[in-house]
Each structure stands twice: as structure tokens, then as C-alpha cells.
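Q: I have a protein structure open and would like to go through some of its details. Could we take them one topic at a time?

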Amino acid sequence: MNARQRNLGPRRLGPGHPVYVVGEIGINHNGDLDKAFALIDAAVDAGCDAVKFQKRTPEICTPSDQWDLERDTPWGRMRYIDYRHRVEFGEDEYRAVDERCRARGIAWFASPWDVESVAFLEQFDVPAHKVASACLTDDELLRALRATGRTVVLSTGMSTPRQIRHAVEVLGSENIVLCHATSTYPARAEELNLRVINTLMDEYPNVPIGYSGHETGLQTTLAAVALGASFVERHITLDRAMWGSDQAASVEPGGLARLVRDIRTIETALGDGVKRVYESELGPLRKLRRVQGELAAV
């Protein structure tokens, strides 16, 4: 077995397998289950392998000095802690999400931002857990995720090589996927630094390397696939003009369908790296090559 391969539910991820494509819903549903369903359906229609959410315990993840700060929201002016609860799905909503995904034949998982959220997600048969870049230095969270025995996808935005190395040591390298990321929303092309994908491949030869993109446009994500990313995640939205901090860095349904289509085309075009003369080239060869030379069997 290739050491760079991992299981995400029934799917194998890594070299020799199709790129695992995730539509990151996050909190772009704005606390609305119907919007979450519409995003799940868009991901299915586009051909994604999974959708991903974010799960927080608001009282743990929100600094206490920010709880009473007031914020203007689509639901009126409210305390920040009340807003965090307003956009957070609970058990009933996630059971509905689970049923919808099972019915549509797509996997789902989430980024837990605290240990309580890990326990919450373990109620469901998720194929993996995700570590958000913001949580890479949270050793308590990493240890809780390692203890689940599930594949852990680790995003590396806003992190130094030393911090990444420490997180890998805490999680253990045998059951993780590392994702290059730049944690700006949206990220500028000059700060994407896609060659870090190759750097991570060299640094972690037994770990599959992926890409979590927050840029606008699709071409740079496609470039990540051409560089060898075996896991790709992009935020998705019904409308980039919707209210919410992640919407502008997200891909709308039409763009998502083009992205998955083009990823599959790139996979086919990359081939196996073995130079050969194709049968389809023999006609042009005979017609165009003046000095034929010796040609081994095709």
C-alpha cells in the first residue's frame, strides 16, 4: 500500500486515486437548514465527494470579553454570543444534514473547534475530522481528534513550519492529510504560494498533501491539482453577495460544477508519466516524419 494513501469512509485518497473534492459549507448556511440542503444538493450536482461544516461550542470558542459586544446581523442587532448561537447547528439540524447527505449519496464531516464538538461529531459516522488552520496549535483538540482513530485533515494556514511539525507529531503522521492553505478571505494570488504543496510533499513523504483554497476564481485551485494535491477543498455558497464573512471567498454552484469537471480533466491529462507513442499518433507519424527511424511496438 502506498504510504501516502488514506481512507475517507469507503473512498481511498492519495496517489493513484481521484482527487477527493470537498465543498466547504462551513457556516455559509447562516443557520438556515434549507440553505444547507441547497448547498448539499449543489455539491452533489457538481460531483463533489463530500461537504464539510464547522462545529463550535460558542461559549468555548468565543472569548468571554466579546460575548456582550453588539453586532448588526440580518436578524437585527444582537450580542455576539447570541449571533454565534444563531448560526450554529445543533443535534437536530445535524441529524437532518446526515439524513440529507445519506439520501443524496454524499459524505459529510466537519471542523470541530473544541473538544466538546469532537464528542458531538462522534455521534455520527463521519469519514474524517478536519482541523481548521486556526486550531493547528490547540494540542488538547489535536489529541482528542487523534483518539477518535479517524482520518484527520489538517489545514496549515497562518502556521510556521515548526508549528506544522509539532501538530503532525501530536496527531501522528500515519492517519492524517496535510492541506496547504493561506488563511486570508479572499486570498490574493501572490500569497497563495502553491509550491508549498511540493515543499510539504518533500517534508512529509508518507502523508498525502492537499489544498484548501480561499481565493476567488478557479484557476489556482486547478494548478494545485496539477502540482499533485490529492485533496481539494473550496468554500461554497449559493450567492457570493450573501451576508457572512466567508461568502466572498466562496464558489457558487455553477463555478463548483466547472471546478470539479476541470479537476477530472486534469487528472486524466496528467497520465502516468511513462512516455509512449500512442496509436493515434501513428497516422501523423507516417505522414509528417520524413526520417522514420526505428519504432518499437506501441
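Q: What do the side chains of Arg264 and Glu267 form?
A: This is a predicted model. In the model, the side chains of Arg264 and Glu267 form a salt bridge, at 3.1 Å from N to O.

Q: How far apart are Arg264 and Glu267 in helix 10?
A: They are three residues apart in helix 10, which covers residues 253-270, so about one helical turn separates Arg264 from Glu267.

Q: And how exposed are they?
A: Arg264 is partly exposed, with a relative accessible area of 24%. Glu267 is also partly exposed, at 23%.

Q: Which residues are joined with Arg264 and Glu267 in one network?
A: The network consists of Arg11, Asp49, Arg264 and Glu267, joined by salt bridges that share partners.

Q: How many salt bridges are there by this rule?
A: The count comes to 26. One of them links Glu88 with Lys55, where the closest N and O atoms are 3.7 Å apart.

Q: Where do Glu88 and Lys55 lie?
A: Glu88 is in the loop between helix 3 and helix 4 (91-104), while Lys55 is in strand 4. The pair therefore ties together parts that are 33 residues apart in sequence.

Q: Is Glu88 buried or exposed? And Lys55, buried or exposed?
A: Glu88 is buried, with a relative accessible area of 11%. Lys55 counts as buried too, at 9%.

Q: What about Glu122 and Arg150, how do their side chains meet?
A: They meet in a salt bridge, at 2.6 Å from N to O. Glu122 lies in the loop between helix 5 (115-121) and strand 8 (128-131), and Arg150 lies in the loop between helix 6 (139-147) and strand 9, so this pair ties together parts that are 28 residues apart in sequence. Glu122 counts as partly exposed, at 29% relative accessibility.

Q: New topic: Glu24. Where is the place of Glu24, and is Glu24 buried or exposed?
A: Glu24 belongs to strand 3. Its relative accessibility is 3%, so Glu24 counts as buried.

Q: Which polar atoms or side chains does the side chain of Glu24 meet?
A: A polar atom of the Glu24 side chain lies 2.9 Å from the backbone nitrogen of Gly26. The side chain of Glu24 also makes a polar contact with the side chain of Gln54, at 3.4 Å.

Q: Which residues does Glu24 touch, not counting those up to four places away in sequence?
A: Leaving those out, Glu24 touches Lys52, Phe53, Gln54, Glu233, Arg234, His235 and Ile236.

Q: What is the lining of the largest pocket by class?
A: The lining has eight nonpolar, nine polar and eight charged residues.

Q: And the second largest pocket, how much space lies there?
A: That pocket has about 310 Å³ of space. Its lining has 17 residues, and the closest to its centre are Gly14, Pro15, Gly16, His17 and Gly228. By class, nine of the lining residues are nonpolar, six are polar and two are charged.

Q: Which residues does a cis peptide bond join here?
A: A cis peptide bond joins Tyr185 and Pro186, with omega about -5°. Pro186 is in the loop between strand 10 (176-181) and helix 8 (196-203).

Q: What is phi of Asn30, and what is phi of Met158?
A: Phi of Asn30 is near 55°, a positive value in a residue other than glycine. Asn30 lies in the loop between strand 3 (20-26) and helix 1 (33-46), and counts as buried at 10% relative accessibility. Phi of Met158 is near 45°, again a positive value in a residue other than glycine. Met158 is in the loop between strand 9 (151-155) and helix 7 (161-171), and is exposed, with a relative accessible area of 60%.

Terms used. Residues numbered from 1 in each chain as written. Predicted model: local features only at pLDDT ≥ 70, side-chain atom pairs only at ≥ 80, totals over all residues. Heavy atoms only, no water. Nonpolar A, V, L, I, M, F, W, Y, C, P; charged D, E, K, R; others polar. 1 Å grid on protein atoms, 1.4 Å probe; cavity = no way out; pocket = protein on both sides within 12 Å on 5 of 7 lines; lining within 4 Å. Points joined across faces, edges and corners; volume = space filled by probe spheres on them. Helix = DSSP H or I, 4+ residues; strand = E, 2+ residues; numbered from the N terminus. Buried < 20%, exposed > 50% of the residue type's maximum accessible area, 1.4 Å probe, protein only. Polar contact = N/O pair within 3.5 Å; in protein donor to acceptor, adjacent residues only side chain to side chain. Contact = heavy atoms within 4.5 Å. Salt bridge = Lys/Arg side-chain N within 4 Å of Asp/Glu carboxyl O.
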